[in-house]
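Hi everyone, thanks for coming.

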Amino acid sequence: MNSIQDNNFSVPGEVLIPTAPPGFKSGFIGIIGRPNVGKSTLMNQLVGQKIAITSPVAQTTRNRLRGILSTPEAQLIFVDTPGIHKPHHQLGEVLVRNAKIAIESVDVLLFVVDGSSVCGGGDKYIASLLERTTTPIILGINKIDNQPEDSQSIDESYFELAQSGEWETVKFSAKTGDGLPKVQNLLIENLEEGPLYYPPDLVTDQPERFIMGELIREQILLLTREEVPHSVAVSIDLVEETPKLTRVLATINVERDSQKGILIGKGGGMLKSIGSAAREQIQKLIAGKVYLELFVRVQAKWRHSRIRLAELGYRVEE
């Protein structure tokens, strides 16, 4: 990308990006791991703001979401990837393929595992995918707040995994923040000198519309749990901004009429609950009042159709 430079700023397009000071480090960090090990919670904590949705339901993350942490000495661009798992439909194949692409397109890999249970087959499978990469790898043992009093056997199972790849290890809790300064320092140590890729006050490169859709989907995951979560995709149809109010119209896409019924609920109660909770989160995002209107539409087997996936924003990353 061509840029105009002076003594203080480089200007790609119309965005002013300060020139990095001498010795400044920067780079892209891929956060990988099995579903539901806390990758999104970790990125939110490191960035200092909620940009990735979280829920007790596995496979929450669907897009490679970038979070940006800028400090006086470094800029870390986190790439939160979908959990690596055995795909069961076209959407699953796209998600796993995108996660694998991320492995080869970042400067440092943070392989996150669940420190509340011993190393399992899923972790070993991901480790096998990393055997040929030359990218620096850090094994992050998360959920230490949930470890039993005697966690030696758990820790040893992961230390053994790390030793086979000669990876550095770090223990932390993404939920409580314990150990995260050490994680941050270790990541910076593994980065090389580089420029500021983004303005220092930016926390994500995703547009507000995308984050709005994800905040709505998060409430669906939280309120419906196992009934419909993986069959849901949210599209933002309209955003109208006025000095006093932002009006948002969104469509929730599901695969079956029965799922539509669950989302609407008796007397529209479930849809009202989803809308109310999502509106509160969106108001925090934009720091202003929001009017949110939700619609539910049936798109049969959208997860199995490349055309439908593309229409809803899911495609294989370059």
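Predicted model: local features only at pLDDT ≥ 70, side-chain atom pairs only at ≥ 80, totals over all residues.

Helices (H or I, at least four residues) and strands (E, at least two) are DSSP runs, numbered from the N terminus. Residues are numbered from 1 along each chain as its sequence is written, and side-chain values use heavy atoms, with hydrogens and water left out.

Okay, the overview. The chain has 9 helices and 12 strands. Of its 318 residues, 50% are buried, meaning under 20% relative accessible area with a 1.4 Å probe, protein chains only.

Let's zoom in on a sheet. Three strands make an open sheet, in the order S10-S11-S12, with mixed pairing. S10 and S12 (290-298) are at the edges with a single partner strand each, so one side of each has no neighbour in the sheet. From one strand to the next, the twist averages 15°.

How do the strands pair up? By pairing I mean that DSSP finds at least two bridges between two strands. S10 (residues 233-241) and S11 (residues 246-254) run antiparallel, joined by 8 bridges. They form a hairpin with 4 residues between them, and Ser-235 sits opposite Thr-251 in S11. S11 and S12, on the other hand, pair in the parallel sense over 9 bridges, with Val-248 opposite Leu-292 in S12.

Now for the helices. H6 lies across S10, S11 and S12, at about 130° to S10. H8 lies across S11 and S12, running at about 130° to S12.

And how do the two helices sit against each other? H6 (residues 208-224) and H8 (residues 269-286) pack at about 140°, with their axes 9 Å apart. That makes them oblique to each other, because the oblique label covers whatever is left once you take out under 35 degrees (roughly parallel), over 145 (roughly antiparallel) and 65 to 115 (roughly perpendicular). As for who touches whom, with contact meaning heavy atoms within 4.5 Å, the H6 side includes Ile-211, Leu-215 and Gln-219, and the H8 side includes Ile-274, Ala-278 and Gln-281.

That's my tour, thanks!

Key:
Axes fitted to C-alpha atoms, helices over the stretch in contact; angles between N-to-C directions.
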